Every structure is written in C-alpha cells, then in structure tokens.
Amino acid sequence: MIAMFEAFCVTSPKDLVNDLVNWRVPVLAGATPNLVIKRFRALGVPVECSSEDFDKVVMKNSRDPKSGSYVVSFRRAREAPKAYRNFSGNQLADQKIDSITLLERLLLGFGFFFTMGKHLDTKSWTLCAGSERSGGGIPGVHWGEDAYSRKMYVHWYDPNRANSIIGTRAVVSS
C-alpha cells in the first residue's frame with residue numbers, strides 16, 4: 001500500500017496541478033488516515049492529532065476505499081472556499097452538500113505538499129464533514145503558519161459549530 005501511494009505521488013503530481021479548475025484526488029483501496037499521517041511525519045511534517053487512531057474512531061465516511069479505489073475532485077483552492085464557510089457539519093448535511101472526508105483532505109494536502117512544498121489551509125480550517133466519529137464529532141484540518149505553531153492540526157469539531165474560518169471542500173465529481 002505505501003509503495004502504491006508513493007508511486008502515485010512520484011509519477012502523477014501533474015494530475016493535481018495541471019487542471020486549472022479542479023484538483024483530482026485518487027484514493028487507493030486500503031488507504032487510511034493513519035497511513036497518510038504517518039507519511040507526513042516520515043517527510044518531517046509535524047502533525048498534532050486529537051485522536052491517536054483515526055482509523056478506529058472515524059465511524060462514518062461519505063466515500064470509503066474499503067469498497068475499492070476511487071477518484072474524487074474538489075475546486076482548486078488553497079484555503080477552504082468562502083462559499084462553504086460558517087456552516088456547521090449539520091447545516092452542510094441538511095443542505096445535502098457532499099463534503100470532503102478526512103482521508104481525502106489528508107491525501108489532498110499530502111499531494112499539494114509533495115508537489116508544491118507548501119501546505120493547504122494556512123488561514124482557514126477544512127471541515128471534513130464527509131467523515132464523522134461515533135457521538136457526532138467532525139474532523140477538521142489546518143496548517144499553523146506562525147513560528148510557534150508550524151504543524152498540521154487534525155482536530156474534532158462539534159457538528160453544530162459554525163465559524164467564519166471553518167469551511168468544507170465540496171465534491172465536484174466522484
């Protein structure tokens with residue numbers, strides 16, 4: 001699995017960068033949030049997580065590679081799009097917005113970092129409303145830019161919480 005993931009990153013970075021409108025994220029069967037976090041750390045990227053084992057605590061995903069590989073696309077935006085900010089996870093679900101999962105956001109961030117040497121979400125948080133833990137928490141991902149917090153954060157949000165710097169990335173095709 002790790003070799004397949006690295007092979008994608010080495011042989012296909014142009015797929016993430018050449019489309020002027022969307023970023024395509026291939027999600028390989030067997031990929032997990034823990035695996036991607038491990039690969040970030042192997043590249044020297046510090047990651048702070050509010051859970052030790054996202055593979056166990058994320059109980060629900062809109063899409064899941066357990067049933068096979070797939071490709072999903074999101075609008076090209078380094079920050080969570082403003083159109084989808086200030087909505088809670090429950091509001092997004094009520095409006096039937098097909099949101100990014102935690103695994104997809106981690107893979108998108110990994111591909112962006114691997115190809116561009118930069119991080120996504122330096123001024124906002126991506127609410128991964130396509131994923132949920134038992135009890136209703138929704139994961140969010142952010143990169144701290146200042147000198148004291150230069151790391152990737154993966155934390156939980158209350159599904160009723162809305163904030164102007166928290167937004168989802170909506171699926172444009174899958």
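Student: What should I know about the model before we start?
Tutor: This is a predicted model, in which local features need pLDDT of at least 70 and side-chain atom pairs count only at pLDDT 80 or more, while totals for chains, interfaces and linings use all residues. Residues are numbered from 1 along each chain as its sequence is written, and side-chain values use heavy atoms, with hydrogens and water left out.

Student: Is Ser51 buried or exposed?
Tutor: Ser51 is found in the loop between strand 2 (47–49) and helix 4 (54–57). Helices (H or I, at least four residues) and strands (E, at least two) are DSSP runs, numbered from the N terminus. Buried means under 20% relative accessible area, exposed over 50%, and partly exposed in between (1.4 Å probe, protein chains only). Since Ser51 has 12% relative accessibility, Ser51 counts as buried.

Student: Which side chain does Ser51 join in a polar contact?
Tutor: A polar contact is a pair of N or O atoms within 3.5 Å; within protein, one must be able to donate a hydrogen and the other to accept it, and residues adjacent in sequence count only if both atoms are side-chain atoms. Contact in general means heavy atoms within 4.5 Å, and leaving aside neighbours within four places in sequence, Ser51 is in contact with Val57 and Trp156. The polar contact, at 2.6 Å, is with the side chain of Trp156.

Student: Phe54 and Trp156 have rings that pair; how are their planes arranged?
Tutor: Rings of Phe, Tyr and Trp (its six-membered ring) pair if their centres lie within 6.5 Å; planes under 30 degrees apart count as stacked, over 60 as edge-to-face and the rest as tilted. The structure holds seven aromatic pairs. In this one the ring centres are 5.6 Å apart and the planes are at 40°, so the pair is tilted.

Student: What about Phe110 and Phe114?
Tutor: Both residues lie in helix 6, four residues apart, about one turn of the helix. Phe110 counts as buried at 4% relative accessibility, whereas Phe114 counts as partly exposed at 37%. Their rings are 5.9 Å apart centre to centre, with 15° between the planes, and the pair is stacked.

Student: Lys151 forms a salt bridge; with which residue?
Tutor: A salt bridge is a side-chain nitrogen of Lys or Arg within 4 Å of a carboxyl oxygen of Asp or Glu. For Lys151, the closest N and O atoms are 3.0 Å apart, and the partner is Glu48.

Student: How far apart in sequence are the parts that this pair ties together?
Tutor: Lys151 lies in the loop between strand 7 and strand 8, while Glu48 is in strand 2. The pair therefore ties together parts whose separation in sequence is 103 residues.
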